[in-house]
Amino acid sequence: MMRNLLLLLLCLLPTLTFAGEAKDIADDPVLEHRMMLLAEKVRCLVCQSEPVSNSHSDWSKDVRQIMREKMKAGATDQEIMDMLVERFGKSVLFDPPVDRETMPLWLAPFILLLLGGLGLFYQLKKRRSQVGEAVLSVQDEQRASSLLNEPALNEKPAANKDSQA
Amino acid sequence: MMRFILPLVIFLILSVFLYKGLGRDTREVPSPLVGKAAPAFVLPQLYEPTKKFSPQEMLGKVWLMNVWASWCGACKDEHPLLLELSRQNIVPIVGLDYKDKAEDGQMTLNKAGNPYTLVIADADGKVGFDYGVYGVPETYLIDKKGMIAFKLIGAVTPENLREKILPRVAELQAK
């Protein structure tokens, strides 16, 4: 009896645990919101494909904390981003700026599209020239026109069927 | 003829790119700090917290700053190499104990040996952040003028010591 009761109580234990997101929430919800919006644009360098805003790595926690501190000290979003780029390079930005270094990255899709388009264009042009004009003999032409001028056989019964329906 | 050559050429170009990509570590992000002045700081020493250290003290010398921690696994791998390097007395190594408890850091060095000319404690990781540390261990090579000449992300290995670090140390010391 006592054992069953204990088991039952143990089953209730999980309800006491909470799935907390990040513990280190600032006392100021407005600032926290601003920080999170900015942190979404920052790549977690430890986990690479995750933004700092929802990464659980220690490094991301540190970055969030530093962002909070800088914001409290009155730094603008741009200043904070510049500070991060200065230390960790442009690869911390999910949206890298267009400049000389990142130009190939930005232009590559368009260049590839252009090359593919040109390839397709020439291929089609070549194919068209290969087909050439069809030359019909006199007999063929007569046969073709007689076939075309013949009243369609299927048309009338089909029309009747339609009117019956 | 063109039908066979063109796909072959495209295949070869693609192979070169893929092959290059194979040997690349995408975790290794090039540091924008290389070629710039090492950020200034003042930190307490690990063994004597009342004594401070600042990188200005090393001006005129070529030195290594090795970022490590007692909780870092790869640091244990590079530790014997650092000990060996310090025995050779080629270049001073300053150890930066990153986000660590002083007792833990001391205990690790007492057990495994201390390869460092000097150990400093960056308990809250603020200095590490200024140096762009995101994965320990990391090793910085700083020249006589206090500029960061090279940064190694990850553990020191016999290969990168021989091929990347030591040649640069020799070159900078000769300047």
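This is a predicted model: local features need pLDDT of at least 70, side-chain atom pairs count only at pLDDT 80 or more; totals for chains, interfaces and linings use all residues.

Visitor: What makes up the secondary structure of chain A?

Guide: Chain A has 7 helices and 0 strands, where helices (H or I, at least four residues) and strands (E, at least two) are DSSP runs numbered from the N terminus.

Visitor: Why are H2(A) and H3(A) called oblique to each other?

Guide: Helix H2 (residues 29-39) of chain A packs against helix H3 (residues 58-72) of chain A at about 125°, with the axes 10 Å apart. Axes are lines fitted to C-alpha atoms, for helices over the stretch in contact, and angles run from 0 to 180 degrees between N-to-C directions. Under 35 degrees counts as roughly parallel, over 145 as roughly antiparallel, 65 to 115 as roughly perpendicular and the rest as oblique. The pair is therefore oblique.

Visitor: Which residues make that contact?

Guide: H2(A) brings A:Leu31, A:Arg34, A:Met35, A:Leu38 and A:Ala39, and H3(A) brings A:Arg64, A:Met67, A:Arg68, A:Met71 and A:Lys72. Residues are in contact if their C-beta atoms, placed from the backbone, lie within 7 Å.

Visitor: How do you know that the buried residues of H2(A) are on the same side?

Guide: The buried residues of H2(A) are A:Met35, A:Leu38 and A:Ala39. They cover an arc of only 100° around the axis, which puts them on the same side of H2(A); the arc is that of the directions from the helix axis to the C-beta atoms. An α-helix has 3.6 residues a turn, so residues three or four places apart point the same way. H3 and helix H4 (77-88) of chain A are among what covers these buried residues. The face turned away carries the exposed residues A:Pro29, A:Val30, A:His33 and A:Leu37.

Visitor: Why does B:Tyr19 count as exposed?

Guide: B:Tyr19 lies in helix H1 (residues 2-22) of chain B. A residue is buried if 20 or more other C-beta atoms, placed from the backbone, lie within 10 Å of its own, exposed if 12 or fewer, and partly exposed in between. B:Tyr19 has 9 C-beta neighbours inside 10 Å, so B:Tyr19 counts as exposed.

Terms used
Residues are numbered from 1 along each chain as its sequence is written. Chains are lettered from A and ligands numbered from 1 in the order in which they are written. Two residues are in contact if their C-beta atoms, placed from the backbone, lie within 7 Å.
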